[in-house]
Every structure is written in C-alpha cells, then in structure tokens.
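Work through each task with the model in view before reading its solution.

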Amino acid sequence: MNDQKILNALSYFSLFFAPFIVPIAIWIFSGTENTKHHAKVALFTHILPTIGGIITALSVGIVGFSTNSSNVTGFIGLGLVVAVGLMTIVLALFNIIRGIQALTAKEDNPRFNSID
C-alpha cells in the first residue's frame, strides 16, 4: 500500500476526527494531483453539512421574525432540519465508501485513480 492511497483515504476518513484541517493540509502539502483532487472532494463533502446547518438556522430565524405563526416556523424548521440531516448522513456514507475505495483501489484503476 503506497502513501498516495493512505492520504486519499485519510482525506475521506478525517470526517470523524478533523474534518477541515486534514483535507486542507493534504491539499496544500500533497505532491500529486490525484491526491489533491481527493482532498478537495473530501473537503467539499465535509463543508456541505456545515453550510446547510447555517442556512437552516438563518432561514428559521428569518421566518420566525417575519411571521407571527409558530406553526409555520416549526414546519419550515423541521423540514430543513430533516433535509440537512439526510444530506449529512448521505455525505458521511459517501466519505466512508470513498475512503474504503481509496484503500482497496488497484494501481491501474483509471476510474478511481484519475482526476476526471
């Protein structure tokens, strides 16, 4: 197992211990374009749930202040929280699958080891 495979997998598995720092460090300090590509993808999938949470909080706050109905605010808030929660679960599963694929990929596998 070479270092490139380990760095690719570490980019995805860092979701569990340092979701922003590890992909950024690998992206900056990695020598190969393939590893930089996987670090960028991992960083993007780690940032999306955070952005979704911020948008949810802002939306619920705006709706709460602009309407006098707690039912509307609760309905919109619950819908957004469920949507962001599902997105977070899907992206976590995506990162786990991609990390396993990175560790088990063959050296000549153009589908996983290419930048395209």
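**Exercise 1.** Identify the buried residues of α4.

Solution. The buried residues of α4 are T73, G77, V84, L91, N95, R98, G99 and A102, where buried means under 20% relative accessible area, exposed over 50% and partly exposed in between (1.4 Å probe, protein chains only). The model is predicted: local features need pLDDT of at least 70, side-chain atom pairs count only at pLDDT 80 or more, and totals for chains, interfaces and linings use all residues. Residues are numbered from 1 along each chain as its sequence is written, and side-chain values use heavy atoms, leaving out hydrogens and water.

**Exercise 2.** Characterise the aromatic pair of the structure.

Solution. The structure holds one aromatic pair. Y12 and F94 form this pair, at 6.5 Å centre to centre and with 85 degrees between the planes. The arrangement is therefore edge-to-face, since ring centres (Phe, Tyr, or the six-membered ring of Trp) must lie within 6.5 Å, and planes under 30 degrees apart count as stacked, over 60 as edge-to-face and the rest as tilted. Y12 belongs to helix α1 (residues 3-13) and F94 to helix α4 (residues 70-104), 82 residues apart; helices are DSSP runs (H or I, at least four residues), numbered from the N terminus. Y12 is buried at 0% relative accessibility, whereas F94 is partly exposed at 32%.

**Exercise 3.** Determine how α1 and α3 are oriented to each other.

Solution. The axes of α1 and helix α3 (residues 33-66) come within 8 Å and cross at roughly 10 degrees. The two helices are therefore roughly parallel, the term for angles under 35 degrees.

Conventions:
Axes fitted to C-alpha atoms, helices over the stretch in contact; angles between N-to-C directions. Parallel < 35°, antiparallel > 145°, perpendicular 65-115°, else oblique.
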